[in-house]
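This report describes selected features of the structure shown below.

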Amino acid sequence: MITRRRLLGVAGASGVLATAPSLFDIAFAADGYINITAGPAKAKLINANTADSDLWLYDNSTPGPEIRATVGDRIKVRLINNLEEPTSIHWHGLRIANDMDGVSGLTQEPVMPGEQFEYDFVVPDAGTFWYHAHNKSWSQVARGLYGPLIVDEKKPTFDKDHDLTLVIDDWRVKNDGSFDVESLGNLMDWSHGGRLGNWLTVNGESRPTLELKRGEAYRLRLINAANARILDLDPNRFGAKVLAYDGQPVEDVTAPLYAPMLLGPAQRLDLVVIPEEDFALEELSGDQPFEFAYFQIKDGASTGEPVRYPRPNPLPEPELDKAKVFEIDMTGGAMGRFTETVYKGQVLSNEDMRRTGQIWAFNGVANLADDPAFTVQHGETIVLAVKNDTAFAHAMHVHGHHFRVIERSGSTVDDGKPWRDTFLIGPDQLVKIAFVADNPGKWLFHCHMLEHAAAGMNTWFQVG
Ligand code: C2O
Ligand code: CU
């Protein structure tokens, strides 16, 4: 198993000093579309002296180009597929029309090699979002097919010098520092904690150093693009406060933060920090803190202006007294209790499980069935009571909606029932979430540990 030690084991690399890691410029076509090409590319993940990695990237960059819009904008993206396999793009966390959700095989046909697909949608919420491949995601996202999507408020709360996007990924690299392609699809990963890496990058760079100005307020937008790694962070160490979870502003920015703060795969965390001295972003799950980004503080010219916080987005408030409750029992995986599992209408034998790679299930069903797991009426309040009957943690994502986390193992949630699009659930935990099903269509509910989703933790529901 990949351990913490291996994460620390790769020879250290010092990052390039930069104000902000470079994000590539967006290419607009004459017709107003942003052209994004998915294709094979070479990149160096550790430093200039390590071997080239064979990645799959959007516009040859890791992460892909930052798409930046203002709330209410219409975004038009033309995906050009230069890969040798089909793909599609999912706009993670955006509450957009179902036919633009980008799920191959559910909301659209996958885009074949050499073909194109036009996405066209209006962004309803300001916040930190991201986009990523949604066909064989366990492989395509691991190889680098993702990028940030930031939606500014009508009047941005921070100017662009004080608003930094930090896309964090956890790569599995070989001894020569190149991306480990051969271990993709390893069933050991699928049945355990997913594909964990041994090297973290921030905006594609190893341990970058960023320059900030003393006494000035910054918004740090953290995006966890890893397949399976839960990042263990403590913003208290550098006096930061939480502005938003998964793109949705918190009610009280001044609320105390309980460490460790976990950032699961696909989750986002917006922090506000007013630095006084140098600090680092550290991953704290190992014996020693692992520093993955460093902030150097230079003299600034604080204007003394009060910090402006983002305002809540117009999310429909769940009506709990009228809610329809659905229970989801998560089972399977290594060390899991044995339960009978149905896949494509057939009860799986042990032999079938090995052959199909289906080892996890929701309510005894592995992966997408022809019929939805549940059907709800447009506008109904839904409570999902999710019980983790497995030996692993999971990062559960609802497509097309944001929800409030209302209960965690029988106790009410103390941090103001935050809005999220992805929640973490530990072994034996029960988590209840609530949302208004206000977006008609076929929506996925799946684990964002992408190996778990591929191996069965994937289902869908119908709205309207
Ligand atoms: Cu971010 Cu179904 O995914
Ligand atoms: Cu999982």
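## Terms and basis

Two strands are taken to pair if DSSP finds at least two bridges between them. Helices (H or I, at least four residues) and strands (E, at least two) are DSSP runs, numbered from the N terminus.

This is a predicted model, in which local features need pLDDT of at least 70 and side-chain atom pairs count only at pLDDT 80 or more, while totals for chains, interfaces and linings use all residues. Residues are numbered from 1 along each chain as its sequence is written, chains are lettered from A and ligands numbered from 1 in the order in which they are written, and side-chain values use heavy atoms, with hydrogens and water left out.

## Strand β8 and its partners

Strand β8 (residues 127–133) pairs with strand β9 (residues 146–152) in the antiparallel sense over 6 bridges. Within this pairing, W130 has P148 of β9 as its bridge partner.

Strand β6 (residues 89–92) also pairs with β8 in the antiparallel sense, over 4 bridges. Here W91 has Y131 of β8 as its bridge partner. Strand β8 is mostly covered, with 7 of its 7 residues buried (buried means under 20% relative accessible area, exposed over 50%, partly exposed in between; 1.4 Å probe, protein chains only).

H394 in strand β28 (residues 394–398) and H452 in helix α5 (residues 450–454) are 58 residues apart, so that the pair links distant parts of the chain. H394 counts as buried because its relative accessibility is 0%. H452 is likewise buried, with a relative accessible area of 0%.
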